[in-house]
Amino acid sequence: MDRRKGGDREANGGLAEATASRLRFDSDEEAEAEEVGMDVEESADAEKDEQAEEEVVGSDKTSADYYFDSYSHFGIHEEMLKDVVRTKSYQNVITQNSFLFKDKIVLDVGAGTGILSLFCAKAGAKHVYAIECSQMADMAKEIVNKNGYANVITVIKGKVEEIELPVPKVDVIISEWMGYFLLFENMLNTVLYARDKWLADDGVVLPDKASLHLTAIEDAEYKDEKIEFWNNVYGFDMSCIKKQAMMEPLVDTVDANQIVTNCQLLKTMDISKMTPGDASFTVPFKLVAERNDYIHALVAYFNVSFTKCHKIMGFSTGPRSKATHWKQTVLYLEDAITICQGETLMGTMTVTPNKKNPRDIDIKLKYSLDGHRCQVSRTQYYKMR
């Protein structure tokens, strides 16, 4: 089996990589700023450099507020905008269903660069309020002005839970709130807060449906490279790290040929009706082997639907669909399970927000197989951080 695309990313994928780059960038700037402070005589060039640094969005931030600060870096927005499945899907929903937006008041939650707000304005929205908490809000304002929509789009910098809108109600709430594993570092609770506070009785939330799915894969080579690696590191036993590595789900792109079982729907969320507590759940699963093979990991992915459109639209982040920046979430099993065609790996998955940081996810996985060549029953715990 060939190594998967993006295989050398860390557990949090592109977000972790982009954030790490941002932190390195910040450190370099802070060091440079200190040198300028020590030698005022070099002020002419130094002041120019400082001014240039201040113009970089988020350059004066630290990692204290990790989530919002990470979205101050343009690299994350570049990755999301270049995700054609994601961005084109939203564009098509808006442009092909202008009846949902024409002459309507729209709220864009977590607007980022303002791309969704621009789509809505172009589709004929009466006014769009774009809320963005990160420093990218300053860039969004400039982007709106440059594209001639300053009279239609109002960018509001701040947290949804702390700001007030100049209108009592909105007709549409649109947001790209989904995170890895659907719920990791997501903005779902913020969208629900905005819905309950501002959405008109006959208003629309877009997207309005999201579903989490599960399948099982063969992944011996990459599991050896990622997990078993710690047993012998240049001749030294570092197996104590192995347990930690097993507990951290890997965000990566899975080859469809690795899939051993059916794909099962775990959970459907109706964003127009659900409560924040619905994001915590325990669900059963039954994965039936489609061939004789081995199972090394379970793989989770999500689908998103816009059911209020003239014709239902949406996209999938599954391994049989076109790749997105969300990739899939791989949960490695302690056991290498030998499974025969027609046999069923069954169990339950419990998903809860972490008590200390609700944007993190705790996962409890129970699984068992009573097969012809393998009998196993185990409980494993995972932490998405």
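Accessible areas are computed by the Shrake-Rupley method with a 1.4 Å probe, and for residues only the protein chains shown count as cover. The model is predicted: local features need pLDDT of at least 70, side-chain atom pairs count only at pLDDT 80 or more, and totals for chains, interfaces and linings use all residues. Residues are numbered from 1 along each chain as its sequence is written, and side-chain values use heavy atoms, without hydrogens and water.

**Exercise 1.** Determine the accessible surface of the chain and the share of its residues that is buried.

*Solution.* The accessible surface comes to about 18,400 Å². Carbon and sulfur atoms hold 50% of that surface. Of the 385 residues, 52% count as buried (under 20% relative accessible area; exposed is over 50%, partly exposed in between; 1.4 Å probe, protein chains only).

**Exercise 2.** Describe the largest nonpolar core and the contacts of Leu298.

*Solution.* A nonpolar core is a set of buried Ala, Val, Leu, Ile, Met, Phe, Trp, Tyr and Cys residues joined through side-chain atoms within 4.5 Å. The largest has 97 residues, and Leu298 is among those with the most contacts inside it. Beyond its neighbours within four places in sequence, Leu298 is in contact (heavy atoms within 4.5 Å) with residues including Phe285, Val330 and Leu365. Val330 belongs to a second, separate core of twelve residues, which also includes Ile217, Met246 and Tyr332.
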